[in-house]
Amino acid sequence: TIPTEICVRILSYLSPRDLCTMSLVSTMYNNCQEDENLWNAHLKKDFLITSGGKSGYVKFYSTFYQYIENYAPMKAAFNKIDECVLKTKGKVDLSPGALPSLLANAMENIIKIMGEQVNVT
């Protein structure tokens, strides 16, 4: 048998879908794919969340699977908006009249981040 650390390292190169498939191959692979760090790496990459393990990944994937390609850049854009609010000490105008402008700026940020992501890959 392969040591667990090596098995997990090998499985770390697989997509979440392939991890689930590998869990059906043998008991050893099934045990290795349960490793929290393995799933936490996918959570961070796909959803910008640092912990939650396999159950966390399944939860977020089942909720956001149709948006998985866009989720990380959108979350990054909204995090930038949160940073802006913190920098202005909450003095961002959130009145109904200001919301269209705020949303337009947020969409510009999302499009910019998504464009950067597309250009990088």
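Leaving aside neighbours within four places in sequence, Tyr29 is in contact with Ile2, Cys7, Leu11, Met22 and Ser23, where contact means heavy atoms within 4.5 Å. This is a predicted model, in which local features need pLDDT of at least 70 and side-chain atom pairs count only at pLDDT 80 or more, while totals for chains, interfaces and linings use all residues. Residues are numbered from 1 along each chain as its sequence is written, and side-chain values use heavy atoms, with hydrogens and water left out.

Tyr29 also belongs to the largest nonpolar core, whose twelve residues are Cys7, Val8, Leu11, Leu19, Tyr29, Cys32, Leu38, Trp39, Leu43, Phe47, Ile49 and Tyr57. Such a core is a set of buried Ala, Val, Leu, Ile, Met, Phe, Trp, Tyr and Cys residues joined through side-chain atoms within 4.5 Å. Helices α1 (4–11), α3 and α4 each supply at least two residues of this core. The largest share, four residues, comes from α4. Helices here are DSSP runs (H or I, at least four residues), numbered from the N terminus.

The structure holds one aromatic pair. The ring centres of Trp39 and Tyr57 lie 5.5 Å apart and the ring planes meet at 55°, so the pair is tilted. Rings of Phe, Tyr and Trp (its six-membered ring) pair if their centres lie within 6.5 Å; planes under 30 degrees apart count as stacked, over 60 as edge-to-face and the rest as tilted. Because Trp39 lies in helix α4 (residues 36–47) and Tyr57 in helix α5 (residues 53–64), the pair ties together parts that are 18 residues apart in sequence. Both Trp39 and Tyr57 are buried.

Gln33 is found in the loop between α3 (27–32) and α4. Not counting residues up to four places away in sequence, Gln33 touches Leu11, Leu19, Ser23, Leu38, Trp39 and Lys54.

Gly56 lies in helix α5. From Gly56 to Leu43 the C-alpha to C-alpha distance is 7.7 Å, and the two are 13 residues apart in sequence.

Buried means under 20% relative accessible area, exposed over 50%, and partly exposed in between (1.4 Å probe, protein chains only).

| Residue | Relative accessibility | Class |
|---|---|---|
| Gln33 | 0% | buried |
| Cys7 | 1% | buried |
| Gly56 | 11% | buried |
| Cys20 | 37% | partly exposed |

The structure holds zero disulfides, a disulfide being a pair of cysteine sulfur atoms within 2.5 Å.
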